[in-house]
Every structure is written in C-alpha cells, then in structure tokens.
Amino acid sequence: MVLGVVGKLLWDRHTADEEPEVDFSDVLDEETLEEGHAEGQLLDDISESHKTVTAPAAIEWETRAARVGEQWTTTLYIADYADYPNDGYLSDLFELTDVEFDLTA
C-alpha cells in the first residue's frame, strides 16, 4: 500500500504544471523565433520517424504511456528503496487492484 501511495504522490508531483509559461517574443527577435519554430518542427519530424521505426503504428503514444489495442503500458520507478526491505513488502501492491502488471526489481 505504501508503494502505491508513494507512486501516486510522485506521479502527481511529476504531472503538476506549476511553472508559468514563458513568452519569449518579448526578448527575442522575429527571425530567431521563426528559426526556433522551424527547428522544433524538424525535431518533431525526426521524433515521429524514430517512433515509427522502433515501434509499430498500432501503438498509440501518450506523454508517459502507450496503448496497444486495449492494453496500456507505462514505467514507474522507486526513487528511494529500502536497504533491507521486509518480507512481503510488495504484497500490498499486488493486492491493490485487479489490473495485470509486470514488476521487475
């Protein structure tokens, strides 16, 4: 249960958008902004090309997850791990939900 709560707290902190958006048009000239947009589009195109090379088109990509058919996948990590965990320390994680998942430790 503790691992699930910690995971939820880390997820909420990671997805929180607390920083204000910065508008660079006040400090950069128009030519620099246009070059930045062109470079950004080029990087998006390269990213899309890499995605289609490494994974089939049937995969729908989200920010931190991917979906194949009806299955979703994502990767979570433990930021602070106990040096000597108690026996059964992951039991609550397995009993929390009926969702199928793989765990690698």
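Me: How many salt bridges does the count come to?
Reply: The model is predicted, and side-chain atom pairs count only at pLDDT 80 or more. A salt bridge requires a side-chain nitrogen of Lys or Arg within 4 Å of a carboxyl oxygen of Asp or Glu. By this rule the count comes to one.

Me: With which residue does glutamate 60 form a salt bridge?
Reply: Side chains of opposite charge can pair when their charged atoms come close. Glutamate 60 is partly exposed, because its relative accessible area of 37% lies between the limits of 20% and 50%. The closest N and O atoms of the pair are 3.1 Å apart, and the partner of glutamate 60 is arginine 67.

Me: Which strands are the edge strands of the sheet?
Reply: Three strands form an open antiparallel sheet in the order 1-2-3. An edge strand here pairs on one side only, which applies to strand 1 (59-61) and strand 3 (71-73).

Me: Which residue in strand 3 stands opposite valine 68?
Reply: Strand 2 (residues 66-68) pairs with strand 3 in the antiparallel sense, over three bridges. Opposite valine 68 stands glutamine 71.

Me: Is phenylalanine 24 buried, partly exposed or exposed?
Reply: Phenylalanine 24 is found in the loop between helix 1 (2-15) and helix 2 (30-54). Together with Val22, Val27 and Leu28, Phe24 makes a nonpolar surface patch of about 400 Å². Its relative accessibility is 48%, so phenylalanine 24 counts as partly exposed.

Key. Residues are numbered from 1 along each chain as its sequence is written. This is a predicted model: local features need pLDDT of at least 70, side-chain atom pairs count only at pLDDT 80 or more; totals for chains, interfaces and linings use all residues. Side-chain values use heavy atoms; hydrogens and water are left out. Patches are made of residues with over 30% relative accessible area and no salt bridge: like charges are joined within 9 Å, nonpolar side chains (Val, Leu, Ile, Met, Phe, Trp, Tyr) within 5 Å. Accessible areas come from the Shrake-Rupley method with a 1.4 Å probe; for residues, only the protein chains shown count as cover. Helices (H or I, at least four residues) and strands (E, at least two) are DSSP runs, numbered from the N terminus. Buried means under 20% relative accessible area, exposed over 50%, partly exposed in between (1.4 Å probe, protein chains only). Two strands pair if DSSP finds at least two bridges between them.
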